[in-house]
Amino acid sequence: MDMQKLVPSLRTIYNSMSGIEIEGFGDGWVNMAGFGLELSRYGINYRHFGYEKLRFMIEAMPEMFEIYHDDAMQPPVFYIRTLPQTTQPSSAAAHQTSAPRLVDWAWLGHFQSVIQDLAEMALDETWDFNDSGNFPILVNYLTYTFFRIYDEGKIEYSDDGRWAAFNTGLVNKAYKPIFALFDKNRNEGQQEWHLYDFCVEGEERAGKILVSEFAAPPEPARYFNSIYDLLYDTQQGVPSIDHHHIIIERLERYPYRILKEFAPEGFDMIRPENLSEQQRATFFRKLKESLENDTVSYNRFKERIDNALRLALKRVQWNYKSAIPMYYPRTRGMCLLLPLSLKDQQHVDLALVVSKEMNGRYKGETIYPLDWAYRNARLVCRPDSDWLSVRSIHNTENQDNRRMSYPSR
């Protein structure tokens with residue numbers, strides 16, 4: 001069997017698996033290791049095609065697969081997704097094509113050590129939701145800051161081409177900007193660049209190299225063009241939303257206590273965090289079907305969403321900081337986050353991602369769990385909010401005892 005004849009079988013196997021969602025990259029991602037097990041069940045051995053590893057075979061089929069790997073996990077976890085057969089690559093693939101990931105652009109060494117060094121160098125900040133020690137907030141911040149810097153053409157290169165640098169957007173404890181300095185990678189077949197060190201201008205060896213090799217320090221990423229991008233115009237009223245998308249298509253994002261309240265009578269509720277990925281996908285498929293077929297429960301859910309939106313607008317009218325600016329990597333644009341209190345008015349359960357239309361009105365794009373919301377808001381600045389903070393998210397997760405199955409990005 002040649003590779004082209006194998007393609008239909010690969011698609012069939014992929015379609016038989018339940019995908020998850022990766023923040024900023026969409027739905028349908030399946031664990032590559034799990035995909036390899038399914039191949040074995042169907043009698044397909046990638047080594048018969050001359051590939052030492054499954055990943056090498058997947059990478060040799062860019063017209064069919066796109067790859068994502070979660071660097072926050074040790075060792076990294078790989079996910080794959082098939083590309084449409086008759087359309088252009090998805091936004092995730094397009095994003096990776098136009099702006100490579102930092103770990104593909106440069107050799108960073110031991111990734112977790114690099115992240116820890118940066119955290120220790122930067123102004124004190126909580127970079128973790130649950131004290132795991134993996135700094136997922138900082139991993140997300142550095143990853144998407146690099147995407148933005150690359151898109152804006154703000155990576156600076158020395159005249160002789162030996163050095164490269166970019167502004168991380170972070171500051172040290174003296175509020176001096178922190179830069180990432182790279183030299184040419186001497187190892188052939190690897191990334192073009194090698195992380196030399198994080199530094200501030202003029203301090204220690206890396207900082208002195210930065211001053212001597214670059215005429216001006218690299219500029220930080222810019223996310224908005226006007227101060228009005230950061231404010232919600234309350235005169236426009238509540239945003240319009242697609243209830244079906246917000247409720248049914250994003251049901252996995254709701255805390256268990258909300259799902260339990262609006263589950264149709266007689267539905268067998270199970271805590272999703274106790275299920276495997278396959279069982280979890282089956283559970284939510286059945287819950288969505290049941291909720292769609294129960295008009296009373298669905299309408300109650302819609303009414304609660306609408307009430308939460310009206311309350312959110314009142315919060316913004318009282319304190320404009322309640323609408324939190326957020327950079328949306330998928331569209332490379334600014335959005336705002338509004339708090340949704342679905343159970344009681346004193347507790348925020350989710351964030352509504354809101355964009356501004358050309359006519360000035362607002363539209364609800366999707367909902368985010370609070371940890372997703374915080375990571376995307378942190379790209380612009382550290383949120384100064386009474387409802388979105390690392391501490392509040394940590395307390396919410398403890399209260400729910402829920403396991404988010406999404407990779408950390």
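Biologist: How do the side chains of Arg-257 and Asp-349 meet?

Modeller: They meet in a salt bridge at 2.4 Å from N to O, a salt bridge being a side-chain nitrogen of Lys or Arg within 4 Å of a carboxyl oxygen of Asp or Glu. Arg-257 sits in helix H10 (residues 256-262) and Asp-349 in the loop between S11 and S12, so the pair ties together parts 92 residues apart in sequence. Helices (H or I, at least four residues) and strands (E, at least two) are DSSP runs, numbered from the N terminus.

Biologist: And what should I know about the model itself before reading on?

Modeller: It is a predicted model, in which local features need pLDDT of at least 70 and side-chain atom pairs count only at pLDDT 80 or more, while totals for chains, interfaces and linings use all residues. Residues are numbered from 1 along each chain as its sequence is written, and side-chain values use heavy atoms, with hydrogens and water left out.

Biologist: Are Arg-257 and Asp-349 buried or exposed?

Modeller: Both Arg-257 and Asp-349 are buried, where buried means under 20% relative accessible area, exposed over 50%, and partly exposed in between (1.4 Å probe, protein chains only).

Biologist: Staying near Asp-349, what is Ser-341 in contact with?

Modeller: Leaving aside neighbours within four places in sequence, Ser-341 is in contact (heavy atoms within 4.5 Å) with Ala-308, Leu-311, Arg-315, His-347, Val-348 and Asp-349. Ser-341 itself lies in the loop between strand S11 (333-340) and strand S12 (350-356), and with a relative accessible area of 9% it is buried. A polar atom of its side chain lies 3.1 Å from the backbone oxygen of His-347.

Biologist: How many salt bridges are there by this rule?

Modeller: The count comes to 19. One of them pairs Glu-125 with Arg-382, whose closest N and O atoms are 3.8 Å apart; Glu-125 is in the loop between helix H6 (111-121) and helix H7 (136-152), Arg-382 is in the loop between helix H13 (370-378) and helix H14 (390-400), and the two are 257 residues apart. Glu-125 counts as buried at 17% relative accessibility, whereas Arg-382 counts as partly exposed at 39%.

Biologist: Which residue does Asp-384 form a salt bridge with?

Modeller: Asp-384 pairs with Lys-321, with 3.1 Å between the closest N and O atoms. Asp-384 lies in the loop between H13 and H14 and Lys-321 in the loop between helix H12 (295-318) and strand S10 (324-328), so this bridge ties together parts 63 residues apart in sequence. Asp-384 is exposed, with a relative accessible area of 54%, while Lys-321 counts as partly exposed at 35%.

Biologist: Changing topic, which residues of H8 are buried?

Modeller: Ala-206, Gly-207, Ile-209 and Leu-210 are. Seen down the axis of H8, these buried residues fall within an arc of 155°, so they line one face of the helix; the arc is that of the directions from the helix axis to the C-beta atoms. The face turned away from the buried side carries the exposed residues Glu-204, Arg-205 and Ser-212.

Biologist: What covers the buried residues of H8?

Modeller: The cover includes strand S7 (163-171), strand S8 (177-184) and strand S9 (193-199).

Biologist: And the chain overall, what does its secondary structure come to?

Modeller: It comes to 14 helices and 13 strands, and buried residues make up 53% of the 409 residues in the chain.

Technical notes
Polar contact = N/O pair within 3.5 Å; in protein donor to acceptor, adjacent residues only side chain to side chain.
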